[in-house]
Amino acid sequence: MEFSSQRVGARGLGRIVGGVLLLIVLVFLWPFYSVPTGSRGVVTQFGRIVGIEGEGLAVLPPWQKLHNFSIRAEKADIENAEGSTSDTQPVKVSMTVRYSIATDRVAEVFEKYSHDGDLSSYVQTATQEIFKAVTARYTAPDLISQRAKISGDINAALREKLAIYGAQVINIDMRNFSFSDSYMHAINDKVTQEQLRLAAENKLRTVEAEQKQKVAVAEAEANARKAQADGEAYANLAIARAQAEALRVQNAALSQNKDVLELRRIEVERVKAEKWNGALPQAIYAGAPVPFLNVSK
């Protein structure tokens, strides 16, 4: 009985050991792997890349290994990148660069730069270099007035630079674009002076316009009065000329026919006679030596 119990115990122990060994073998020889969404599976065999697996289930032999490599959009923050303008004004900027690894260059990036798709250190260094190179081509006023163009130049240059590392730029956000305090104060003073100058010019133009308007109104009124006076003088001259011409005609007629004057006198006497009512005057003043006579008595 004792021997039988020992034999049964040995069998149980053997089963346990066998199960553990089987589990160990399964762990090391497990052929099923999963590649998550937004990743690629880099398959290596004894350290050498032998293939790229897409998203989903991957079945590999035990002598190969799967490395998950992200191709999602990543970001790199560059704080206070420094540069200098062509007129030697220091300038700073903070940027956020969003990028991703080109799917057709996963193996190259894995082999040369990163095993997980994180290229933030390369992106930060490249962005600072590009910022310095681009700002050196512009003056400080141009950086302020042409910010959109500056951003486009940085974007284009950074795309070309990061393509070396197998990354593609999605977008660049520029923020905290600033110059030195002394230069910003100078700019603010210049803007203030320019605004004051423009305000003074506008006021001067307004005053000049008002003065011109007043002069124009005065000239118009003067011209109107002159025209009226000229018209009245012309009318009076025309009347005088007409009257003179009438007198001339009458004198010419009288000189040609002296009986006309006598005829007009007779006509006047006839009109008086027609208007007489037959009553004699009550007082008659005769010439000397005839005394005053009162006819009514």
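Exposed means over 50% relative accessible area, buried means under 20%, and partly exposed covers the range in between. The legends below apply these terms to a predicted model.

**Figure 1. Nonpolar surface patch around Leu57.** Phe32, Leu57 and Val59 make a nonpolar surface patch of about 310 Å². Leucine 57 belongs to strand E4, which covers residues 56–59. The relative accessibility of leucine 57 is 63%; because exposed means over 50%, this residue falls in the exposed class.

**Figure 2. Open sheet of strands E3, E2 and E5.** Strands of a sheet pair through backbone hydrogen bonds, in either a parallel or an antiparallel arrangement. In this sheet the pairing is antiparallel, and the 3 strands follow the order E3-E2-E5. The edges are taken by strand E3 (48–53) and strand E5 (65–70); each has a single partner strand, so one side of each has no neighbour in the sheet. Direction ignored, neighbouring strands of the sheet are turned by 30° against each other on average.

**Figure 3. Pairing of strands E2 and E3.** Strand E2 spans residues 39–45 and pairs with E3 in the antiparallel sense. The pairing runs over 5 bridges. Valine 42 has isoleucine 52 of E3 standing opposite.

Figure 4. Glutamine 64 sits in the loop between E4 and E5. Is this residue buried or exposed? Glutamine 64 has a relative accessibility of 17% and therefore counts as buried. Leaving aside residues up to four places away in sequence, glutamine 64 touches Tyr33, Val43, Thr44, Gln45 and Val50.

**Figure 5. Salt bridge between glutamate 55 and arginine 40.** Side chains of opposite charge can pair when their charged atoms come close. Over the whole structure, a search finds 10 salt bridges. One of them joins the side chains of glutamate 55 and arginine 40, with an N to O distance of 3.8 Å. Glutamate 55 is in the loop between E3 and E4, while arginine 40 is in strand E2, so the pair ties together parts that are 15 residues apart in sequence. With 44% relative accessibility, glutamate 55 is classed as partly exposed.

**Figure 6. Salt bridge between arginine 98 and aspartate 173.** The side chains of arginine 98 and aspartate 173 form a salt bridge at 2.7 Å, N to O. Which strands does the pair connect? Arginine 98 lies in strand E7 (residues 90–101) and aspartate 173 in strand E8 (residues 167–179), so parts that are 75 residues apart in sequence are tied together. Arginine 98 has a relative accessible area of 31% and is partly exposed. Aspartate 173, at 34% relative accessibility, is also classed as partly exposed.

**Figure 7. Salt-bridge network with Arg105, Glu108 and Lys112.** A network of salt bridges links Arg105, Glu108 and Lys112. Glutamate 108 is partly exposed, with a relative accessible area of 25%, whereas lysine 112 is exposed at 51%.

Note on methods. Residues are numbered from 1 along each chain as its sequence is written. This is a predicted model: local features need pLDDT of at least 70, side-chain atom pairs count only at pLDDT 80 or more; totals for chains, interfaces and linings use all residues. Side-chain values use heavy atoms; hydrogens and water are left out. Two strands pair if DSSP finds at least two bridges between them. Helices (H or I, at least four residues) and strands (E, at least two) are DSSP runs, numbered from the N terminus. Axes are lines fitted to C-alpha atoms, for helices over the stretch in contact, and angles run from 0 to 180 degrees between N-to-C directions. Patches are made of residues with over 30% relative accessible area and no salt bridge: like charges are joined within 9 Å, nonpolar side chains (Val, Leu, Ile, Met, Phe, Trp, Tyr) within 5 Å. Accessible areas come from the Shrake-Rupley method with a 1.4 Å probe; for residues, only the protein chains shown count as cover. A salt bridge is a side-chain nitrogen of Lys or Arg within 4 Å of a carboxyl oxygen of Asp or Glu. Buried means under 20% relative accessible area, exposed over 50%, partly exposed in between (1.4 Å probe, protein chains only). Contact means heavy atoms within 4.5 Å.
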